[in-house]
Amino acid sequence: MFAQTALIRPELPDDDAAVETLHEIAFGPGRFAKTAYRLREGVPFDPDLSFVAVHGPTVIGSVRLTPIFIGTTPATLLGPLVVHPGLQSRGTGRQLMQAAMAATQAKRAGPILLVGDRGYYEPLGFTLVRPGTIVLPGPVDPNRLLLAPAGAEGPFAGAVRKARPGRA
């Protein structure tokens with residue numbers, strides 16, 4: 001489809017439809033039932049921490065971070081990270097993650113929590129959360145619950161809950 005490297009830039013309001021289409025292509029309707037999705041529901045993602053990958057006018061990838069709390073600590077929930085399935089394994093996801101992590105640290109938005117593949121995220125600075133330390137409000141595979149401090153001081157522990165809209 002595209003052979004060149006994508007441009008990474010902040011997500012703009014006009015990108016929303018293209019990003020939602022990528023989510024549908026990559027994750028399907030089952031995404032709505034997942035615990036991480038339910039935590040994001042009704043809470044806007046932080047536009048300062050959310051990026052798209054574009055090739056020309058086409059959005060080919062996206063990463064969004066949504067404000068949450070871990071106990072009483074402000075934090076962010078990553079996700080979803082998505083790259084068009086036909087364009088994966090070219091470094092675009094890693095570029096999106098690096099942009100989001102740098103912005104999170106610069107904004108001092110707290111640690112980044114995610115549910116994802118250890119093999120993919122550990123090289124980016126994420127570590128497995130010790131079971132029982134951070135508790136999500138629904139089922140999650142404990143081998144996929146990961147955290148990166150993003151410059152914040154731990155320890156991080158407690159129940160994860162939505163941030164109020166407008167906290168970003």
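Reply: Two residues are in contact when heavy atoms of one lie within 4.5 Å of heavy atoms of the other. The model is a predicted one. By that criterion, and leaving aside residues up to four places away in sequence, Arg94 touches Tyr120 and Leu124.

Along the chain, Arg94 and Tyr121 are 27 residues apart, yet a distance of 9.0 Å separates their C-alpha atoms.

The next step concerns the rings themselves. Aromatic rings are paired if their centres lie within 6.5 Å, and planes over 60 degrees apart make the pair edge-to-face. By this rule the count comes to 2 aromatic pairs. In one of them, the ring centres of Tyr120 and Tyr121 are 4.9 Å apart and the planes stand at 80 degrees, so this pair is edge-to-face. Tyr121 also pairs with Phe126: the distance from centre to centre is 5.7 Å, the angle between the planes is 75 degrees, and this arrangement too is edge-to-face. Through these ring pairs, Tyr120, Tyr121 and Phe126 are linked into a cluster.

How accessible are the members of this cluster? Tyr120, which Arg94 touches, has 31% relative accessibility and therefore counts as partly exposed. Tyr121 has a relative accessible area of 9%, which means that it is buried. Phe126 is buried as well.

The charged end of Arg161 sits over the ring of Phe69, at 4.4 Å from the ring centre.

The strands of the model provide the setting. Thr76 has Ile112, in strand 5, as its bridge partner. Strand 5 is also joined to strand 8, in this case by 4 bridges, and the two run antiparallel. Here Leu113 is partnered with Leu147 of strand 8. As a general point, the side chains in a regular strand alternate between the two faces of the sheet.

Some details of the backbone deserve attention. Pro155 is placed in the loop between strand 8 (145-148) and strand 9 (158-162). Ala150 is found in the loop between strand 8 and strand 9 too, and its phi is near 50 degrees, a positive value in a residue other than glycine. With a relative accessible area of 12%, Ala150 is buried. Arg108 likewise has a positive phi, near 55 degrees, although it is not glycine.

The protein has 4 helices and 9 strands. Read from the N terminus, the order of the elements is β-α-α-β-β-β-α-β-α-β-β-β-β. A compact globule of 168 residues would have a radius of gyration near 15 Å, and the 15 Å found for the protein agrees with this. Along the principal axes, the C-alpha atoms fill a box of roughly 45 × 35 × 30 Å. Of the 168 residues, 46% are buried, and Tyr121 and Phe126 are among the buried ones. Among contacts with a separation of 6 or more, 67% are between residues 24 or more positions apart. The protein exposes about 8,500 Å², of which carbon and sulfur atoms supply 56%.

Key
Residues numbered from 1 in each chain as written. Predicted model: local features only at pLDDT ≥ 70, side-chain atom pairs only at ≥ 80, totals over all residues. Heavy atoms only, no water. Phe/Tyr/Trp six-rings, centres within 6.5 Å; stacked < 30°, edge-to-face > 60°. Buried < 20%, exposed > 50% of the residue type's maximum accessible area, 1.4 Å probe, protein only. Lys NZ or Arg CZ within 6 Å of the ring centre and 35° of its normal. Rg over C-alpha atoms; globule rule 2.2 N^0.38 Å. Areas by Shrake-Rupley, 256 points an atom, 1.4 Å probe, with all protein chains shown as cover. Pairing = 2+ DSSP bridges.
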